[in-house]
Structures are given as C-alpha cells and as structure tokens.
Amino acid sequence: MGRQARVSVRSPPVLASWLLAHLATGYRRESLVGDLLEQYQEGQSAGWYWRQVAIALGWALVRLPRVALFAALTRVSGAATAMRPRLARGRTFRLLKQLSAALALVTLGAATLAWAAGVTTHRPADAAQARQCAAQAVHGDCASPAHLPR
Amino acid sequence: MRRREHLGQLELMVLLATVRPAGDAYGVLISREIAEKSGRDVALASVYAALERLEQKGLVSSSLGEPTAERGGRARTYFRPTAAGLREAREMCATLQRLAGGLTAWEGRPA
C-alpha cells in the first residue's frame, strides 16, 4: 500500500534542451519537446537528440522572418493606434498626413519612371539581333550593352 | 470549381499517417509510421512543420491530450484528418495511381 511507481528519467543533453527551450519557436513547440523527450526515454541516443534539436532550430530560423515581420507590424500598428487620438488633435497629425501623401506620390512617380525605363530599354530577342546590337554599341548607339555576347 | 490544395510529398505522407481508426496519431507515431512504411527517417520537427501547413489548409485538426511524466509533464497533441483532408488524400492517391499506369507500360516495352 502507498507504494508509488517510480519513473526513471534519463536526462537529455542539457545544452540541446536549453537551446530547444529558448530558441525554438512556434507551432506546437511544447508537444514537439514532449515527443522528443518521450523518444529519448525510449532509448534514442544523445546524438539523435542533438540532430532533432538542430532540425527544430533550423525550422525556427526559417519561420523567423515571418514571425519578426508580424511582430514588427503588430508593434507599429499598436503604436499608431495609441498615438492617433493625441496626434489627431494637433498640427503634427496634419503635417504627417501631408508628408505621407507626398511620400506616396514620390514613390509612385519613381516606380512609374523605373517601369518606363525598363520598357524602353532595348533587349535583343535572339543572337542575330544581339550581334547587330553589338555592332551598334561600338558606335555608342546601344542603350544597354551589358547583355551583349562576349 | 473547388479550389485544390497542392500537397508536397512529405505533407501527403503525414496526412496519410494521421488516418488512424483510433484517432491517436501524434508526432512520434506519425514519424514512426512514415519510417516503417517508406524507409525514410523523418525528423519530428519536419513532421510538425508539415502538420502546421496541413492544419492551416484545413486538412487536419488537432486536440490536446493529458500531460505525462515521461514527457516532462507535456501533453501530446493528437491529429486527425478533416473531411476535406480525407477527400484530398483520396484524390491525390487516385491521381498518383493513374499516373503510375504509365510506369507499368514503360517497364513492359521492348528494350
């Protein structure tokens, strides 16, 4: 009576566990850690555990830009929402509105110019045309000689 | 026309491995099933990455189990295919079987 079953627990590599706990992020992390522990208890080696942790960290690295971008956007939108009532009362808000409108116009103009430059740049479709273009480039007639055959 | 989800090879294998009558598919079982049936050792983190994509596509659903001592007090997450997941798996398998017909014809041709 009153005897408790003792569960013998093998400890996985400490550094690997620390890295997993602190650097791995995202989807079902706790379940992943639990699954790794469970398999390690069933006799997997420390090398196996390290390999699994390395792959988990690789996945965390892959998802990092997405997570960081989302966090940044949330922070920016949160800050903007918090600032809005104060800004809306003053001249600063009107000035910011005008500035952002001007910035949008300049960006649009630059994009249009870049597009127009891309459309008008001469790009020869085949080798014969490229050779002809090369001949013209000698006389300085070709707009973009970078594509010419060497 | 219904929008089809395109599944990668690992996603399809993981989706098929979640189809268990007992509904007890979790990370370890899924990775073990894939290793036994395909001979490929798949890392648990890769299985979870595929499960995340499948869940986002609405092809699997998940539920939390009870925490256990051997897992350091962490609960298992059980996965089961949704109706859309089962339909998608059936369609993918049928497509693969139709395409594999060409392979049989190729092997039977004179050298």
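## Helix α4 of chain B

Helix α4 of chain B, residues 83-108, has 26 residues and extends 38 Å from its first C-alpha to its last, close to the 38 Å expected at 1.5 Å a residue. The expected span is 1.5 Å times one less than the number of residues in the helix. α4(B) is hardly covered, with a count of two buried residues among its 26. A residue is buried if 20 or more other C-beta atoms lie within 10 Å of its own, exposed if 12 or fewer do, and partly exposed in between, with C-beta atoms placed from the backbone.

This is a predicted model, in which local features need pLDDT of at least 70 and side-chain atom pairs count only at pLDDT 80 or more, whereas totals for chains, interfaces and linings use all residues. Residues are numbered from 1 along each chain as its sequence is written, while chains are lettered from A and ligands numbered from 1 in the order in which they are written.

## Fold of chain B

Chain B contains four helices and two strands, arranged along the sequence in the pattern α-α-α-β-β-α. Helices (H or I, at least four residues) and strands (E, at least two) are DSSP runs, numbered from the N terminus. Of the 111 residues of chain B, 30% count as buried.

Two residues are in contact if their C-beta atoms, placed from the backbone, lie within 7 Å. Among the contacts in chain B with a separation of 6 or more, 52% are between residues 24 or more positions apart. B:Lys57, in the loop between α3 and β1 (60-68) of chain B, is partly exposed, with 17 other C-beta atoms within 10 Å. Its C-alpha atom is separated by 8.8 Å from that of B:Gly85, 28 residues apart along the chain.

α2(B) has 12 residues and spans 16 Å between its first and last C-alpha, close to the 16 Å expected at 1.5 Å a residue. Its buried residues are B:Gly27, B:Ile30, B:Ser31, B:Glu33 and B:Ile34. They cover an arc of only 155° around the axis, which puts them on the same side of α2(B); the arc is that of the directions from the helix axis to the C-beta atoms.

The buried residues of α2(B) pack against α2 (29-41) of chain A, together with α1 (9-17) and α3 of chain B. The face turned away from the buried side carries the exposed residues B:Ala35 and B:Glu36. Just after α2(B), B:Gly39 takes a positive phi of about 75°.

## Helix packing around α2

α2(B) and α3(B) pack at an angle of about 105°, with their axes 10 Å apart. They are therefore roughly perpendicular to each other, the term for angles of 65 to 115 degrees. Axes are lines fitted to C-alpha atoms, for helices over the stretch in contact, and angles run from 0 to 180 degrees between N-to-C directions. B:Gly27, B:Ile30 and B:Ser31 of α2(B) meet B:Leu44, B:Val47 and B:Tyr48 of α3(B) in this contact.

The axes of α1(B) and α2(B) come within 9 Å and cross at roughly 110°, which makes α1(B) roughly perpendicular to α2(B). This contact is made by B:Met13, B:Val14 and B:Ala17 of α1(B) and by B:Ile30, B:Glu33, B:Ile34 and B:Ser38 of α2(B).

## Contact with chain A

The contact between the chains takes 17 residues from chain B and 18 residues from chain A. On the side of chain B, α2 (27-38), α3 (44-56) and β2 (74-81) each supply at least two residues, and the largest share, six residues, comes from α3(B).

Conventions: Parallel < 35°, antiparallel > 145°, perpendicular 65-115°, else oblique.
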